[in-house]
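Subject: Structure for your review

Dear colleague,

Please find below the structure that I am handing over to you. My notes on what was found in it follow directly.

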Amino acid sequence: MLNRQGRPTAPGAGAANGHATFTGNRALQQEEALIFEFGRTDVTGVDLDEPAPVADRLGGLGRKEPIGLPGLSEPEAMRHYVRLSQKNYGIDTGLFPLGSCTMKHNPRLNEKMARLPGFADVHPLQPVSTVQGALALMDELAHWLKELTGMPAVTLSPKAGAHGELAGMAAIKAAIAARGEADTRKVVLVPDSAHGTNPATAALIGFTVKPVPAREDGTVDPAEVAKRAGPDTAAIMLTNPNTCGLFERDVVEIARVIHDAGGYFYCDGANFNAIVGKARPGDLGVDAMHINLHKTFSTPHGGGGPGAGPVVLSQRLAAFAPLPHVRLDEGRFSLVEHPSASDQSPLGRLTAFHGQMGMFVRALAFMLSHGAEGLKQASEDAVLNANYVRASLADVMSLPFGNRPCMHEVLFDDTWLKGTGVTTLDFAKALIDEGYHPMTVYFPLVVHGAMLIEPTESESKASLDLFIATLRDLAFAVRDGDTARFTGAPYHAPRRRLDETRAARQPVLRWTPPAPVPEAAE
Ligand SMILES: *Cc1c(COP(=O)(O)O)cnc(C)c1O
């Protein structure tokens, strides 16, 4: 079948509940072709006369033929992009329970502050005398981050959590080299429950990764760390609260074991949103920790960016922070951008310029509008909401570590699905039909068929109640043997089951025009 744009309708598109549509559209959800598929090179949104010929000064380097950019009229262009925007599910559309990602509301006040011309329009190459306000903001954000974590130093420039890991682990590597132990301390201990970025960062930087198994209750046993720690240990990378949504209650002991072995304690602080105002990583023996401003302090995640992943550092590592940093001398702010002769930092820069200014503004706006008490309450509410979800579903879904309190996210496994013909993936896909972005699935790897739900503090009780009622309805449908509702899901989405593995491994990022259909020979 050909759709409105004269191309074959995608298989399954528009065929919900057996009702295929001529256009491929589903009610008010419109099929959307690539701009290259329906744009024509002979059309533009503007109607200009052919320019008069000019003398060619390019010496034969000028373009010989058109490069085939698609042209659209203004209404066509408008509709194309508005339709695309409607295909995106975001936190502004509905609850987004994606565990470990902390999809909380981004307050509009933060957006308003970030758009103030004094912040939005500054150029990174402006003379520092003209950007004193922006530098003051960076300095104040750094102050808050140090206060909240109880750490003496922070570097603001990393642009994501994983980038922060790179900064922190590079600082650890530099500190080890400065001690003259670069050739002997090469092992980084990483618990099995770690986010994939942890072992990836350690390996990328040239360390050898040694896994530490989780114990029965989902936390790390200091005795298992002690067994593996020794003169070859560079660091441990521990997430706290961990990816099972549990607080590592032996964290102080783990820090002691690592320090006694001469190593550093890197904490993955992506889940800091659960403990802000309640516990300070500096008091737990942490040497380096990244903080995802786009999680804890509600700046937008974007599609892989723009985030910000500042790293707080202990006194032992402060000298190894990457450049640049803000300095205050006699009431004037300046940026330290070049290592001085006495500076130990061999890292130099991690990014062009100074980091994600817009995210700094949003995060500080979040901090100032909440205040110390408000930030503490946000952590408490995030934990309360996750526990409300846990307690409301514990009788129909299964909890891998027993029905005991969790932190900011609750982890279910697939024991309750055994023998039903429905998998974790099927269950998640059925949530799409109900209008929810699915929870995180099959992560952390230490739990079979994991479903990790993080409601965040920004959901109301009414919103949580509807979400819980939806999950309960789905759980009862599983019990009643209505497997078709799951194995074929999603039924109502513009696309059904995609080959996600292939899409990730062999992404098609380039459109190539279809080969012309040869004229039939008569
Ligand atoms: C989100 C997350 C990261 C990575 O952060 P990005 O900003 O996505 O690079 C690392 N560890 C944990 C536990 C996370 O949740």
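Helix H5 gives the most to the lining of the second largest pocket, with 4 residues. Helices (H or I, at least four residues) and strands (E, at least two) are DSSP runs, numbered from the N terminus. A pocket is, on a 1 Å grid over the protein atoms alone, an open set of points with protein on both sides within 12 Å along at least five of seven lines, whereas a cavity is a set of points where a 1.4 Å probe fits but cannot get out; lining residues have an atom within 4 Å of a point. This is a predicted model, in which local features need pLDDT of at least 70 and side-chain atom pairs count only at pLDDT 80 or more, while totals for chains, interfaces and linings use all residues. Residues are numbered from 1 along each chain as its sequence is written, and side-chain values use heavy atoms, with hydrogens and water left out.

The second largest pocket holds about 490 Å³ of space; a volume is the space filled by probe spheres set on the grid points, which are joined across faces, edges and corners. Its lining consists of 26 residues, and those nearest its centre are Val154, Ala321, Pro324, His325 and Val326. At least two lining residues come from each of helix H5 (132-149), strand E1 (153-155) and strand E8 (325-329). By class, 15 of the lining residues are nonpolar, 7 are polar and 4 are charged. Here Ala, Val, Leu, Ile, Met, Phe, Trp, Tyr, Cys and Pro count as nonpolar, Asp, Glu, Lys and Arg as charged, and the others, Gly among them, as polar.

The largest pocket has about 1,200 Å³ of space. It is lined by 36 residues, with Lys87, Ile432, Ala493, Pro494 and Arg495 closest to its centre. Two or more lining residues are given by helix H2 (74-86) and by helix H13 (424-433), and H13 contributes the most, with 5 residues. This lining comprises 18 nonpolar, 9 polar and 9 charged residues.

The protein is divided into domain 1 (33-46 + 68-85), domain 2 (109-366) and domain 3 (374-505), with bounds that come from an automatic or database domain assignment. Domain 1 and domain 3 each supply at least three residues to the lining of the largest pocket. The C-alpha centres of domain 2 and domain 3 are 30 Å apart. Between these two domains, 25 residues of domain 2 are in contact (heavy atoms within 4.5 Å) with 19 residues of domain 3.

The largest cavity has a volume of about 100 Å³. Among the residues that line it are Cys244, Leu246, Arg390, Phe401, Arg404 and Leu411. Its lining divides into 9 nonpolar, 1 polar and 2 charged residues.

I turn now to charged pairs. Side chains of opposite charge can pair when their charged atoms come close. The search of the whole structure found 28 salt bridges, each defined as a side-chain nitrogen of Lys or Arg within 4 Å of a carboxyl oxygen of Asp or Glu.

Arg485 takes part in a salt bridge with Glu434 (2.9 Å, N to O). Glu434 lies in the loop between H13 and strand E11 (440-441), and Arg485 lies in helix H15 (residues 484-487), 51 residues apart. Arg485 also forms a salt bridge with Asp473, again with the closest N and O atoms 2.9 Å apart. Asp473 belongs to helix H14 (residues 461-479), 12 residues from Arg485. Arg485 is partly exposed at 22% relative accessibility, where buried means under 20% relative accessible area, exposed over 50%, and partly exposed in between (1.4 Å probe, protein chains only). Glu434, at 36%, is partly exposed, and so is Asp473, at 41%.

In another pair, Glu337 and Arg349 form a salt bridge with their closest N and O atoms 2.5 Å apart. A network of salt bridges links Arg215, Asp217, Asp221, Arg249 and Asp250.

One further residue deserves mention. Ser100 lies in the loop between H2 and helix H3 (108-114) and is buried, with a relative accessible area of 6%. Leaving aside neighbours within four places in sequence, Ser100 is in contact with residues including His195, Asn271, Lys295 and Glu409.

Yours sincerely
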